[in-house]
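Below is a short report on one protein chain.

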Amino acid sequence: MKKKTIGILGGLGPEATVFMFNLIVAMTKAEKDQDHIPILINNNPKIPDRTGFFNDNGISPLNDLISSAQHLERMGADFIIMPCNTAHYFYKDMKQNINIPFIHMIDEAAKYASDKLSGIRSFGLLSTIGTYLSRLYEESFEKQGLQIIVPDENFKNKIMQAITGKQGIKAGYKKIPLEILLEVINHLNQKGSGAMINGCTEISLVISEEHMNIPLLKPMQVLAGKAIQFAGYELK
């Protein structure tokens with residue numbers, strides 16, 4: 001099998017892009033530098049806010065997303081991954097404008113949930129307002145016969161505070177966002193979630209299995225694993 005070069009469409013946000021790069025490096029079976037995967041990164045933090053597009057009638061990020069994807073293709077990427085949940089709303093339009101494969105993170109997460117967490121049918125979703133409004137997870141998970149449980153409106157607002165607030169994850173804070181997210185997790189547990197989904201790449205920087213008493217599905221890790229194997233390499 002021909003080895004492939006991964007293209008990461010990043011900047012959505014930058015820290016999540018670094019997290020994805022580190023995941024791929026950490027999860028690849030390698031004994032020396034030369035065993036690792038060539039990775040190209042287009043880290044463009046100037047792409048308009050995805051949730052703002054949904055929530056505040058903001059500028060569409062589509063043209064910039066297409067431009068970044070095409071840039072990766074010109075640079076020599078054999079396929080693209082995008083460590084941003086909300087941006088997958090634009091996946092179909094992006095895919096039509098490139099000539100290389102584009103792995104869909106949320107579809108892969110749904111397949112993983114169906115295969116590896118087969119006894120669980122209901123998943124609580126931690127994500128941005130944009131992802132909730134787009135219903136991306138509902139569409140992908142319902143294809144696998146799985147249910148998505150979303151928080152009540154006031155808890156959705158709490159999640160946004162944890163992510164984008166003045167002392168939120170995007171501003172470099174961890175402690176206060178963690179406290180807020182644990183409150184939301186408890187709420188989703190009470191609504192009947194059998195497992196929790198880290199449905200925002202920034203949340204992945206704060207929440208881990210140690211904060212859970214139920215399984216935690218991590219789409220970023222699922223995507224990293226899929227990318228490694230699609231590139232023709234082995235998982236550690």
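## A salt bridge

Lys174 and Glu15 form a salt bridge through their side chains, at 3.4 Å from N to O. The term means a side-chain nitrogen of Lys or Arg within 4 Å of a carboxyl oxygen of Asp or Glu. Between domain 1 and domain 2 the count is 1 salt bridge.

The model is predicted: local features need pLDDT of at least 70, side-chain atom pairs count only at pLDDT 80 or more, and totals for chains, interfaces and linings use all residues. Residues are numbered from 1 along each chain as its sequence is written, and side-chain values use heavy atoms, with hydrogens and water left out.

Domain 1 covers 6-105 + 221-231, and domain 2 covers 106-218. These bounds come from an automatic or database domain assignment. The domain centres, taken over C-alpha atoms, lie 20 Å apart.

How many residues of domain 1 are in contact with domain 2? There are 20, and they meet 27 residues of domain 2. Contact here means heavy atoms within 4.5 Å. The two domains bury about 1900 Å² between them, with 60% of it on carbon and sulfur atoms. Asn85, His104 and Val222 lose the most area on the domain 1 side, together 31% of what that side buries. Buried area is the accessible area (1.4 Å probe) that two parts lose on being put together, summed over both.

## Polar contacts and the domain 1 side

Across the interface, 15 residue pairs are in polar contact, both residues at pLDDT 80 or more. A polar contact is a pair of N or O atoms within 3.5 Å; within protein, one must be able to donate a hydrogen and the other to accept it, and residues adjacent in sequence count only if both atoms are side-chain atoms.

Helix 1 (14-27), helix 2 (50-55) and helix 10 (219-230) each supply at least two residues of the domain 1 side. Helices (H or I, at least four residues) and strands (E, at least two) are DSSP runs, numbered from the N terminus.

Four strands make an open sheet in the order 5-4-6-7, with parallel pairing. Two strands pair if DSSP finds at least two bridges between them. Strand 5 (147-149) and strand 7 (216-217) are the edge strands. Strand 6 (residues 195-198) runs parallel to strand 7, joined by 2 bridges. Met196 stands opposite Leu216 in strand 7.

## Backbone details

The peptide bond from Leu12 to Gly13 is cis, with omega near 5°. Gly13 sits in the loop between strand 1 (6-10) and helix 1. Arg135 is not a glycine, yet has a positive phi of about 60°.
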